Amino acid sequence: MIELERGVYMHHSFNIALVLLAVAVGVTAVAKKMNKPYPIALVIIGGIIGLVPVPELDPLKGVIEEGFTFQFIIISLLLPILLGEASIKLPYRHLREQAKPIMALAVGGTFITFLVVGLGSYYLLGFGLQTAFVFAALMSATDPVSVLSIFKTLGVNRKLATIIEGESLFNDGLAVILFMIASIYLPTYIDMGSGGFFSALIMLLKVSIGGVLVGVGLGYIFSKLTSWYDDYPLEILFSILLFYGSFSIAESIHVSGVIAVVVAGLIFGNYGAKIGMSPTTKINIHSFWDVLALFANSIVFLLVGLEIAYININDKWGLILSSVIIVLLARTISIYSTLFRMKGIPAKWKHVLNWGGLKGSLSIALALSLPNDFPGRENVIILAFSVVFFSLIVQGLTISPLISRLKVKGQDKEKTEYEEIIAAVNRYEYAIERLVKLKREAIISPVVFERIQSLYLHSSEVAKKRLDHLYEQHPEWRKSQEYKATIEALYAEHDAVESLIRKDMISNKVAREEIERILDKLEKQRSLYNEHN
């Protein structure tokens, strides 16, 4: 009987998971088709499901009724995916180029935000000291789950995107450590007086350095493992084991699992790719983690939206508004103070970094992990969710217009002219093809065809000369076009080989060798393109 009940429960859980996945994938697909940031769409739809009484969707609302469930799904299952995918694809060279602003924001900016929010919550919101700094820890990081997914859809400047990625990856680990110290050890450190500060600092260094050491050790070991095999399915399994293993081992010895995954991913994606991954493996590993990251992001943001069903904010509006203002003010102070004297960071980048300091599901998951007897737990959860919701909806919906207004991703007149010429040339070529078809089908006479075709040919030649002139002034535009053309041509070669296999015109051995050559060329083209961009 017990076994039967357990089987029914597992079947029910599977059905709930399937419905959750279907809703997440459906919303993501529609948002991508409309070219809109899918995380925001998922939060909104999740909120609607949470608030609107739809009996068929009631099982979804129970997914996060227990804080432990939400925390386990977000932190233990999905966070290693999101951190691993971001770090494995982040070129170390790009990270090194922007090391100063990244470390300034990830360390200095995080501490400043932590102090400003903590003191603001203590003096202005009337929280106890421990409650204030626990809330501050939740708000001190730009959650990578939010930042990376939304900014990837906006196409910001590469250097700015690298700073955003680097900050969100590294300061997330620091925020988790600060949360642990504030929620567990802060009363003890306060009782210790001035010595408590040094004890907290020692613990911070221990947890951070420990996470780095775990990440370095496992990243190096698994990088070496890849050099012993040329089997991409096995090497993908290595990467899964690396990310989840790094997180689990680090957490089990009480050091930072987040930092361990980030460091392991950077080493595996750079050093491991260099010494042990064939072009086939690199392409397939990146594709695999692209799919998993999309899946994880979709589930995460839908769960954040669903959480609204369990938030009672009827008499908390003043507290919520004050907390949002404090968090925004803290972010502003941290950005402009840490980057004040830093060269190579334009003012408009600082504006984007400031408003782009989005909060996400990690803050909610950590808040829900607080024990039931923690002082001010209910207020911390309500404010954490409210700030996250404001961040994703208000900041998330306005960051794209801000970027366009500041021209961080905008284009100058020459780039606009270039795209207009590209469009014109393609219009003329398609028109000429249609005219040829009309003449062949005897719909228009040869005389009319010659006259209209000559007009289009003349316009096409003029446009091509203007295009050549722009290519001379901006050779990078030509290189970008050549890269796209080369990639498409190699894909066509790949299709040709597969067609020959299906027709039994070549052996599997020859086909594998040819495909390996094509993939090798693809990887070289991508490497060259990344080096110059």
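The model is predicted: local features need pLDDT of at least 70, side-chain atom pairs count only at pLDDT 80 or more, and totals for chains, interfaces and linings use all residues. Residues are numbered from 1 along each chain as its sequence is written, and side-chain values use heavy atoms, with hydrogens and water left out.

**Helix α6 against helix α14**

- Helix α6 (residues 99-123) packs with helix α14 (residues 317-338) at an angle of about 145°, and their axes are 8 Å apart.
- Helices here are DSSP runs (H or I, at least four residues), numbered from the N terminus.
- Axes are lines fitted to C-alpha atoms over the stretch in contact, and angles run from 0 to 180 degrees between N-to-C directions.
- The crossing of α6 past α14 is right-handed (the near helix is turned clockwise from the far one by less than a right angle).
- On the α6 side, the contact includes Ala104, Gly108, Gly109, Ile112 and Val116; on the α14 side, it includes Ile326, Ala330, Arg331 and Ser334.
- Contact means heavy atoms within 4.5 Å.
- The residues of this contact divide into 10 nonpolar, eight polar and one charged.
- Ala, Val, Leu, Ile, Met, Phe, Trp, Tyr, Cys and Pro count as nonpolar, Asp, Glu, Lys and Arg as charged, and the others, Gly among them, as polar.

**Cavities**

- The structure holds three cavities of 30 Å³ or more.
- A cavity is a set of points on a 1 Å grid over the protein atoms alone where a 1.4 Å probe fits but cannot get out; lining residues have an atom within 4 Å of a point.
- A volume is the space filled by probe spheres set on the points, which are joined across faces, edges and corners.
- The largest cavity has a volume of about 70 Å³.
- Its lining includes Asp143, Asp172, Ser363 and Leu366.
- Helices α7 (129-139), α9 (158-191) and α16 (361-368) each supply at least two of the lining residues of the largest cavity.
- That lining divides into seven nonpolar, one polar and two charged residues.
- The second largest cavity holds about 40 Å³ of space.
- Among its lining residues are Val324, Lys359, Phe390 and Gln395.
- Helix α17 (377-406) and α14 each supply at least two residues there, and α17 gives the most, with four.

**Aromatic pairs**

- The structure holds 10 aromatic pairs (rings of Phe, Tyr and Trp, its six-membered ring, with centres within 6.5 Å).
- The ring centres of phenylalanine 243 and tryptophan 289 are 4.9 Å apart and their planes lie at 70°, so the pair is edge-to-face (over 60 degrees; under 30 counts as stacked, the rest as tilted).
- This pair links distant parts of the chain, 46 residues apart: phenylalanine 243 is in helix α11 (residues 232-252), tryptophan 289 in helix α13 (residues 279-306).

Methods: 1 Å grid on protein atoms, 1.4 Å probe; cavity = no way out; pocket = protein on both sides within 12 Å on 5 of 7 lines; lining within 4 Å.
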